[in-house]
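Here is a friendly briefing to read alongside the model. Take a look at the sequence and structure first, then come back for the notes.

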Amino acid sequence: MIIILHGINTFLTKRKRDEIIASYRAKHPQGLSFFEFDEESKTRDIQTALETASLFEEKKLVVCRNMLLSVADDDGFFAWMGEKTIKEDSTTVVVFSEDRVLAETKNKNIAWLLEKPAVMQKAESISASRLPAWIEQEAMRHHAVIEHDAAAHLIDVCGDDLWRLSNEIEKCASYDKKITKTHAQLLVPMTMEGRIFDALGALAEGNIKKAATNFFTLLKDGEDWAKMFGAVAFHFRGMVRVRSLLDLGFEKEQMRKELGMHPFAVQKTMGYVRGVNRDALTKTYQMIARADVALKTGKMTAEEFFERLLLGV
């Protein structure tokens, strides 16, 4: 049997790979022959592992991580697998795990590999709308429950980085099996960049109080005003560009390619600017550009800048 795991979501690919290994080890505690190879391994090593027989062997599991790019043109290796009927062999399982998408290809060897009866699973990115449900399921893996506000906080901090989300959920679940927003904020504080982005989103939505709280709390806590200003300029520029592309009728995926932004950042920015006039955003961005000079020449303080930003002047 051949199993192919592929996709840009490396977290889910690794989790599925680990689940397969754990499952076979549990089913065959005494009779499993297990081999693991990576991109540095040679096809000869895989062939040796597949040909080696053990007296007490019930099942053979061979896992190959990120090898296909380097072996795709090895006609001899793929011809050998075909001759050995690896796809049809129920006692041998070969897992090809790739941290990339294996799309339709002109390479005859990869095309053969993707043909049935091979089993294939693609790990795709999780959309923003599905993230809360995924977080709830992840908390359940640690025998915990998480409140919606706590999940929203983790998304604000981590975005759709499943590796970090998983680690932070495990940390919160170790602290308390009922994960509240208070727990999440205590254990997973938002970065300066995240708080700036959150504040600008609140500003775009008309929530001046929330935006002001974020800006001035950062200043009070001694955050470097120059870094804060840089983050404001960077994120606001992104908001102006997303608003402009929305007006041109661009869809999210088109924006991601045009702007080179992460899909999650595009989706979140779209939500912030959808109800904001582009001219208003442009006017504020021009004020930010003028403030850059004033701040550097000492004609404006950081406090004055953030007050003007909040007031839209």
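Beyond its neighbours within four places in sequence, S166 is in contact with F11, R15, W134 and E138. Please keep in mind that this is a predicted model.

**Around S166**
- S166 belongs to helix α8, which spans residues 162-175.
- At a relative accessible area of 8%, S166 counts as buried, because the cut-off for buried is under 20%.
- With E138, S166 makes a polar contact between side chains, at 3.0 Å.

**Helix α7**
- Helix α7 covers residues 148-158, and its buried residues include A150, A151, H153 and L154.
- I155, V157 and C158 of α7 are buried too.
- The cover over these buried residues includes α6 (131-141), β6 (145-146), α8, β7 (178-179), α9 (181-187) and α14 (263-273).

- Five strands form an open sheet with parallel pairing, in the order β2-β3-β4-β1-β5.
- At the edges are β2 (32-37) and β5 (119-122), each of which pairs on one side only.
- From one strand to the next, the twist averages 15 degrees.
- Six bridges join β3 (residues 59-65) to β4 (residues 92-97) in the parallel sense, and R65 stands opposite S97 in β4.

**Helices on the sheet**
- Helix α1 (residues 10-27) lies across β1 (2-6), β2, β3, β4 and β5, and runs at about 165 degrees to β3.
- Helix α2 (residues 43-51) packs on the sheet, where it touches β2, β3 and β4, and its direction makes about 170 degrees with that of β3.

Conventions:
Residues numbered from 1 in each chain as written. Predicted model: local features only at pLDDT ≥ 70, side-chain atom pairs only at ≥ 80, totals over all residues. Heavy atoms only, no water. Helix = DSSP H or I, 4+ residues; strand = E, 2+ residues; numbered from the N terminus. Buried < 20%, exposed > 50% of the residue type's maximum accessible area, 1.4 Å probe, protein only. Polar contact = N/O pair within 3.5 Å; in protein donor to acceptor, adjacent residues only side chain to side chain. Contact = heavy atoms within 4.5 Å. Pairing = 2+ DSSP bridges. Axes fitted to C-alpha atoms, helices over the stretch in contact; angles between N-to-C directions.
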